[in-house]
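Please consider the following points with the structure in view.

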Amino acid sequence: MPINLLILAGTIEATRLAKKISDVGINAVLSYAGRVERLKPQPLPKRIGGFGGVAGLCNYIEASAITHVIDATHPFANQMSRNAVDACTHLKVPLLALTRPPWIAQRGDFWTHMDSIAAAVDWLKIPARRVMLAVGRMHIHEFALQPQHFYLLRLVDPPAYDIPLLDFESIISRGPFTKEDDIALLQNYKIELLVSKNSGGTGARSKIDAARSLGLPVIMINRPELNRERQEVKDVSEVLHWLSHGAKDLGV
Ligand code: NAP
């Protein structure tokens with residue numbers, strides 16, 4: 001049976017994989033949650049929106065005759081990743097995760113690790129600081145519990161709702177950003193503290209490198225636990241190797 005891939009997307013890695021899969025002529029569809037308004041053009045067909053939980057994903061996989069699933073979602077997109085494991089286990093469809101390694105603190109980094117956004121919000125019960133918040137649009141409202149700070153936000157799209165922070169500025173930009181850009185940004189806004197998810201990879205790293213250069217402290221939010229077993233690779237070429245050398249059913 002010819003390969004018919006479902007790629008769970010929304011990351012730079014998924015975009016890189018799409019290019020490679022298209023180059024080698026494998027049938028595939030890219031799936032997006034629909035959080036971003038202006039999706040970049042892709043060389044593969046796409047579908048947009050949630051599937052409707054594990055049951056909805058199972059229905060989609062069966063109805064679309066998907067033979068393999070690649071989970072190339074963001075390391076914090078835990079719900080989608082769990083659903084993918086559960087659906088593929090149930091249907092015995094081979095699943096591979098394309099993941100990026102987390103960032104590791106280097107000499108010159110001043111990181112305080114937190115296990116959740118809620119823990120970071122709690123930690124911020126301190127006198128007013130100028131904070132760059134790099135946690136994604138979905139979590140900004142949680143920081144309203146610490147209204148004493150100035151927050152600098154950088155968002156892909158203009159927010160479609162009123163941001164519930166008292167003192168903030170938002171910059172709308174998709175990047176890519178360089179370390180030099182972000183040093184200038186942190187200096188211009190007199191930022192004293194960075195709050196970031198440990199996304200890993202190169203696309204979002206410039207702010208971390210800039211914070212190191214300026215000796216700024218970082219509240220680093222650790223990745224959530226998946227609590228599921230799955231096969232993972234770190235590189236697009238490993239996905240192609242997996243596809244051509246017999247992907248194994250998770251449930252077998
Ligand atoms: P999430 O909490 O794991 O997912 C919540 C729900 O959104 C899922 O249960 C699923 O709905 C739907 N969904 C998520 N990813 C999807 C996809 N690729 N295709 C179709 N439906 C999807 O995910 P999230 O953290 O909100 O992230 C949403 C998307 O943004 C992901 O694709 C991720 O790669 C991307 N992203 C996330 C972050 C981040 O920090 N979380 C950063 C950059 C990019 P149903 O249950 O209805 O199927």
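1. Strands β10 and β11 (residues 217-221) pair in the parallel sense over 4 bridges. Two strands count as paired if DSSP finds at least two bridges between them. Strands (E, at least two residues) and helices (H or I, at least four) are DSSP runs, numbered from the N terminus. Within this pair, Lys-197 stands opposite Ile-221, and Ser-196 stands opposite Met-220.

2. The model is a predicted one, in which local features need pLDDT of at least 70 and side-chain atom pairs count only at pLDDT 80 or more, while totals for chains, interfaces and linings use all residues. Residues are numbered from 1 along each chain as its sequence is written, and side-chain values use heavy atoms, with hydrogens and water left out.

3. Strand β10 has a further parallel partner, β7 (residues 130-134), with 4 bridges between them; here Leu-133 has Val-195 as its bridge partner in β10. Strand β11 likewise pairs in the parallel sense with β6 (residues 110-114), over 5 bridges. In that pairing, His-113 stands opposite Met-220 of β11.

4. How many residues of β10 (residues 193-197) are buried? The count is 5 of 5, so the strand is largely enclosed by the rest of the structure. Buried means under 20% relative accessible area, exposed over 50%, and partly exposed in between (1.4 Å probe, protein chains only). In a regular strand, side chains alternate between the two faces of the sheet. In β10, Leu-193, Val-195 and Lys-197 point one way, whereas Leu-194 and Ser-196 point the other way. Strand β11 is mostly covered, with 4 of its 5 residues buried.

5. An open sheet is formed by 6 strands with parallel pairing, in the order β3-β2-β1-β4-β5-β12. From one strand to the next the twist averages 25 degrees; the axes are lines fitted to C-alpha atoms, for helices over the stretch in contact, and angles run from 0 to 180 degrees between N-to-C directions. Strand β5 (residues 95-98) is joined to β12 by 3 bridges, and Leu-96 has Gln-231 as its bridge partner in β12.

6. The largest nonpolar core has 22 residues, and Ile-7, Ile-21 and Ile-70 have the most contacts inside it. Such a core is a set of buried Ala, Val, Leu, Ile, Met, Phe, Trp, Tyr and Cys residues joined through side-chain atoms within 4.5 Å. Helix α7 gives this core its largest share, 5 residues. Apart from this core lies another, of 20 residues, including Phe-143 and Ile-221.

7. Is Thr-67 buried or exposed? Because its relative accessibility is 11%, Thr-67 counts as buried. Thr-67 lies in the loop between α2 (53-63) and β4 (68-71). Leaving aside neighbours within four places in sequence, Thr-67 is in contact (heavy atoms within 4.5 Å) with residues including Met-1, Pro-2 and Val-93.
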